[in-house]
Every structure is written in structure tokens, then in C-alpha cells.
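Student: I would like to learn how to read a protein model, one feature at a time. Could you walk me through one?

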Amino acid sequence: MQNSEAMALSAALLAVAGELTQRINDGVVARGFEGVRPAHGFAFARLAPSGATVTDLAVHLGVTKQAASQLVDEIVRKGYAERRPHPDDARARLVVLTEQGWACTRAAEEAAAEVVRGWGDVLGEVEVRALLGQLVRIAPYGPIRPAW
């Protein structure tokens, strides 16, 4: 592959990722979840399984502990998460999604499905499934984080 083709592919993937992130966020807002930003969605992805500490969240997002703490303060204030005692570490606090946070996460899943269905209208469902298979083969293992 020529450098120009590699750059075109890189630009296309980045454009699709950016558009997908924005459309998911727009879909969440349209479903009545106010005051959310794409960064919240990346945080919710880490909190969703079973909660996380601020340190865990900082590593996941690729930000400082202070920045992660500010983000947690914001989503707690907005009712999307709460702090609980950590079951294994008396010094730490576990940040978990509230019911509102879980509802917001489900709204993001619905919005993502709408976007992907739109890709099916353009490419066809078989091609979208093939794209998924190919991207999974090359996607790095690890957190899904914003490109700050």
C-alpha cells in the first residue's frame, strides 16, 4: 500500500470514529440525557462492568488522576454515578453507575445501533458484518478511549 493510500485509509477511519462518537452522543442527548459529553461515554464504558476507582478511570481514559477526579465529580453531580466504599480497599472509593447512568448507557447502545444500521443501508449487512470481522482482527486490545 502506498503512503497516500495509507493516509487515505487512516483519515477515513478517523473520520468514521469521530462521526460515530458524535452521533452516539447526539443520540443520547436526543433521548433526554442532558449535560453529557463524549468523554462521559468513554468513562461509562469503564464504569459499566462493576465500577472503578478514580485511578482505574484515569488509566482507562489516559488522563491524570486529577482530571479523572474532576470528571467523576461532574458525573456524580449530574446523577449518572455515585461513590461507594470499595469492597477490598478501605482507603479507596468505588465509582459506580446509578440507574440514570445505566439508562444513559442503554441509550448510547441504541444510538450506536442506529448508526450501524445506517451503514448497512449504504454497504449492506453482509459488508458491515465483514467490516466488523476485519476490524476486530486488527483492533488493539485495551481501553476504548478518546483521542484527547
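Student: Is R31 buried, partly exposed or exposed?

Tutor: Relative accessible area tells us how open a residue is: under 20% counts as buried, over 50% as exposed, and the range between as partly exposed. For R31 the value is 29%, so this residue is partly exposed. Keep in mind as we go that this is a predicted model.

Student: Which residue forms a salt bridge with R31?

Tutor: The general idea is that side chains of opposite charge can pair when their charged atoms come close. Here the partner of R31 is E114, and their closest N and O atoms are 2.6 Å apart. R31 sits in the loop between α1 (3–30) and α2 (38–47), while E114 belongs to helix α5 (residues 99–123), so the pair ties together parts that are 83 residues apart in sequence. E114 is partly exposed too, at 42% relative accessibility.

Student: How many salt bridges does the count come to?

Tutor: The count is 10 salt bridges. Let's look at another one: the side chains of E74 and R37 meet in a salt bridge, at 2.7 Å from N to O. This pair also links distant parts of the chain, with E74 in helix α4 (residues 65–77) and R37 in the loop between α1 and α2, 37 residues apart.

Student: Which residue forms a salt bridge with R91?

Tutor: That partner is D89, and the closest N and O atoms of the two are 3.4 Å apart. R91 is exposed at 77% relative accessibility, and D89 is partly exposed at 26%. Salt bridges can also share partners, and in this way R31, E110 and E114 are joined into one network.

Student: Now I want to step back. How many helices and strands does the protein have?

Tutor: The secondary structure comes to 6 helices and 2 strands. Read from the N terminus on, the order is α-α-α-α-β-β-α-α. The C-alpha trace spans about 55 × 35 × 25 Å along its principal axes. Of the 148 residues, 28% are buried.

Student: What about the strands: how many bridges join β1 to β2?

Tutor: To read a strand pair, look at the bridges and at the direction of each strand. Strand β1 (residues 81–85) is joined to β2 by 5 bridges, and the two run antiparallel. As one example, R84 stands opposite L94 in β2. In strand β2 (residues 93–97), 4 of the 5 residues are buried, so the strand is largely enclosed by the rest of the structure.

Student: Which residues are buried in helix α3?

Tutor: In α3 (residues 54–61), the buried residues are V54, L57, A58, H60 and L61.

Student: At what angle do α3 and α4 pack?

Tutor: The angle is about 110°, and the axes are 8 Å apart. That makes α3 roughly perpendicular to α4. On the α3 side of the meeting are V54, T55, L57, A58 and L61, and on the α4 side are K65, A68, S69, L71 and V72.

Student: Let me pick one of those. Is A68 buried or exposed?

Tutor: A68, in helix α4, is buried, with a relative accessible area of 0%. Leaving aside neighbours within four places in sequence, A68 is in contact with V54, L57, A58 and V63.

Methods: Residues are numbered from 1 along each chain as its sequence is written. This is a predicted model: local features need pLDDT of at least 70, side-chain atom pairs count only at pLDDT 80 or more; totals for chains, interfaces and linings use all residues. Side-chain values use heavy atoms; hydrogens and water are left out. Buried means under 20% relative accessible area, exposed over 50%, partly exposed in between (1.4 Å probe, protein chains only). Two strands pair if DSSP finds at least two bridges between them. A salt bridge is a side-chain nitrogen of Lys or Arg within 4 Å of a carboxyl oxygen of Asp or Glu. Axes are lines fitted to C-alpha atoms, for helices over the stretch in contact, and angles run from 0 to 180 degrees between N-to-C directions. Angles under 35 degrees count as roughly parallel, over 145 as roughly antiparallel, 65 to 115 as roughly perpendicular and the rest as oblique. Contact means heavy atoms within 4.5 Å.
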